[in-house]
Amino acid sequence: MARDASGTAGADRTVLLVVPGVLLVLLLFIYPFLYGLVLSFEPKDGSALANYLKFFSTPFLSQTIATTLWIALPATLINLGLALPIAFRMRRSSRLQRLLTAVLVVPITLGTVLVAEGLLTYLGPQGWFNRILLDLHLVTAPVRLTHNYWGVLLSLVITGFPFAFLLILSYITGIDPVLARAAATLGANRWSQFRHVYLPLLAPGLAITFCLAFVQAFSVFPSAVLVGAPSGSTRVISIAAYEAAFEDYDYAMASTIAMIMGFGQLAVVAAVLGLRRGFYRGPVAGGKG
């Protein structure tokens, strides 16, 4: 009995270690979310749903959802499409893998603002890219790759690819290569090994990577302002929230837009995670039978 009491007391003290983390989550995430949710139902004029009705009835505001999706989804798919074959090729530990991993950390440390400034320098009308094309007489006028949709998309690909690559690489390296070798003994070629062994095991990890990359791309703001057209083709939903808060000083409307933005992200993430259930979920390591 004494041993049980001691074990219970030890378990209770262990639970106390979770308290600081729980308090931090409540302070930094739960409380701001609940505060913003309540504030969104307190408009300056009208009923509690006035801000939501205004958002969806005003094309200038509601179209920002489609604009943001039109930027975030292609950027996410491009990052996954590029990261998957490269990570699969680099799945075996080597000096090249470690070097590439170190190089890919650089865009993460620079941040979106410096990446956007770099794009303006290299891809702008007077940038190196256009100068080379003009000097080689490949074009007769500078190619517009900034202050439009393409500038924002390139910025998101540059900043989002390292996250996608490192996440997928961690999932691939966790798959036991013995499984592929076993398939090879049964006559499976490399494509069949990837399709029938690696891809089903990797699908849950790809779903998680897609969700994280999408959330990052959906919340785009600096790139849409610096290398996009914030009043035109790249007026994303985060810009609408910023304008409501710091130009119109309507914090209730800004909270409404933030809530719509959050629930939009949640809907896409929930749909992807729902599709993930149809794939294999189990151990990815081989063992002796």
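What follows is a short chat about a predicted model of one protein chain.

Student: Before we start, what are the ground rules for this predicted model?
Tutor: Local features need pLDDT of at least 70, side-chain atom pairs count only at pLDDT 80 or more, and totals for chains, interfaces and linings use all residues. Residues are numbered from 1 along each chain as its sequence is written, and side-chain values use heavy atoms, with hydrogens and water left out.

Student: What share of the residues counts as buried?
Tutor: Of the 289 residues, 36% are buried. Buried means under 20% relative accessible area, exposed over 50%, and partly exposed in between (1.4 Å probe, protein chains only).

Student: Let's pick out Phe194. Is Phe194 buried or exposed, and why?
Tutor: Phe194 counts as buried because its relative accessibility is 14%. Phe194 sits in helix H9 (residues 190-218).

Student: Which residues does Phe194 touch?
Tutor: Not counting residues up to four places away in sequence, Phe194 touches Leu84, Phe88, Leu199 and Pro200. Contact here means heavy atoms within 4.5 Å.

Student: Now Trp128: buried or exposed?
Tutor: Trp128 is exposed, with a relative accessible area of 54%. Trp128 belongs to helix H6 (residues 128-135), and touches Thr121 and Tyr122, leaving out residues up to four places away in sequence.

Student: Switching topic, which residues touch the most other members of the largest nonpolar core?
Tutor: Ile168 and Ile257 do, in a core of 61 residues. The largest share of this core, 13 residues, comes from H9. A nonpolar core is a set of buried Ala, Val, Leu, Ile, Met, Phe, Trp, Tyr and Cys residues joined through side-chain atoms within 4.5 Å.

Student: What is Ile257 in contact with?
Tutor: Leaving aside neighbours within four places in sequence, Ile257 is in contact with Phe55, Ile237, Ala240, Ala241 and Ala244.

Conventions: Helices (H or I, at least four residues) and strands (E, at least two) are DSSP runs, numbered from the N terminus.
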